[in-house]
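Hi,

Here is the structure I promised to pass on. My notes on what turned up follow below it.

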Amino acid sequence: MSVKFIKKPVASAGTLDKVKQLWSGVRSMVSGVNFAETTHLKPFKFGKQLTNSARSTFLSCQQKYQYSYVYGLAPRKPSIPFLVGGLFHNELDIMYSSGALDVDAMKERVAKACEAACRFPGMRAEDSDQIWMQQAVVCGMVKGYHQLYLKKDLAAYQILETEGSFEAELADGWSYHGKKDMVVLRKKDRKLFLMEHKTAGRIDAGYVAKLPMDNQILGYGWAQRSKTGRKFDGVVYNVTKKPQIRQRQTESLREFMKRVEDDYYLNPGTYFYRETLMFSDADLDRFGRELKKFVRHIDEAQRDNDFLQNAGHCTAMGTCPFMKLCLEGVTKETLLHYRVKSRAHEELPEAPTPD
Ligand code: SF4
């Protein structure tokens with residue numbers, strides 16, 4: 001098994017590069033839209049790349065996997081969780097890489113990204129309002145996070161890598177891909193940690209209880225150990241809760257933004273959760289074994305062109321974006337609600353090259 005890690009050294013990652021990456025991510029969501037038509041619903045050229053997202057999609061509903069990764073369909077409207085998560089990660093990346101938070105520059109970047117998302121064809125006024133509201137959410141989250149963690153993290157850890165991509169070979173021509181938020185070295189004992197950031201609608205006992213089974217993190221740990229022979233000594237897992245407060249009818253966006261930021265600042269315990277997790281070699285072994293079996297199941301479904309529908313998942317995490325296709329059929333009309341993705345895994349860098 002060979003594993004290639006594509007490192008993005010912290011020191012050389014200039015702000016300009018970060019902005020370019022941000023724009024590239026937003027552009028891939030909102031431009032170059034190819035509207036699918038019935039006759040054009042044909043397998044998407046995607047290769048045998050597996051990500052955690054594709055893996056969990058196949059697990060939750062094979063039909064959803066087929067729409068998303070075999071035909072390469074995605075809803076036309078930008079996904080708000082995807083937009084918020086991407087902007088939040090991008091700002092943390094810039095903040096840790098530069099060692100500081102430039103609030104004005106952050107607001108400008110986030111505003112530009114929201115503006116670009118609002119230009120999406122067919123966007124209604126209420127959709128644009130929803131997107132603009134995310135400016136307050138992202139800036140509030142980043143400012144709150146900065147106040148709570150940045151100074152003490154920079155004192156405790158040496159940042160080795162941010163947003164580093166990796167790929168690991170699997171069986172039967174498949175490879176496993178992902179992007180780690182940060183790899184850090186704890187200064188006091190030189191122990192190696194993965195630092196991950198998540199955003200969540202809520203943080204309750206159930207959410208916390210299942211963190212040790214987070215397969216995304218296990219995948220990063222498994223790939224790291226495969227490449228270097230050294231596993232992470234731990235994973236610093238950060239969860240940031242999205243705000244529950246909503247913009248009041250009489251409130252301007254500026255006022256709302258201030259209220260969100262104040263809430264994060266005054267109530268950090270409500271919004272931020274951090275835990276250090278350890279994964280054993282046995283955990284990583286199990287993950288690696290499962291991954292190999294997993295791709296065989298996908299190959300089987302593709303060979304038979306038989307992707308099962310799991311109706312139990314349709315509303316499990318909000319309404320499935322492909323509900324229209326499942327309920328009304330794949331027609332010229334229903335396909336107008338979707339675009340063809342620019343590549344299978346738009347969340348990953350376009351063409352990573354090994355160092
Ligand atoms: S609507 Fe339900 S059955 Fe259809 S793809 Fe989505 S989760 Fe699967």
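Helices here are DSSP runs of H or I with at least four residues, strands are runs of E with at least two, and both are numbered from the N terminus. Residues are counted from 1 along each chain as its sequence is written. Keep in mind that this is a predicted model: local features need pLDDT of at least 70, side-chain atom pairs count only at pLDDT 80 or more, and totals for chains, interfaces and linings use all residues.

On confidence (pLDDT, the predictor's own score for each residue, from 0 to 100): the chain averages 83, with 85% of its residues at 70 or more. Residues 1-38 are below 50, yet that stretch has 77 contacts beyond near neighbours in sequence (contact: C-beta atoms, placed from the backbone, within 7 Å). Where pLDDT is low, the predicted coordinates should not be read in detail.

Now helix 4. Just after it, glycine 99 has a positive phi of about 80°.

Val142 and Val138 have the most contacts inside the largest nonpolar core, which has 66 residues (a core: buried Ala, Val, Leu, Ile, Met, Phe, Trp, Tyr and Cys joined through C-beta atoms within 7 Å). Helix 6 (residues 125-156) gives this core its largest share, 9 residues.

Cheers

Key
Buried ≥ 20, exposed ≤ 12 C-beta atoms within 10 Å, placed from the backbone. Contact = placed C-beta atoms within 7 Å.
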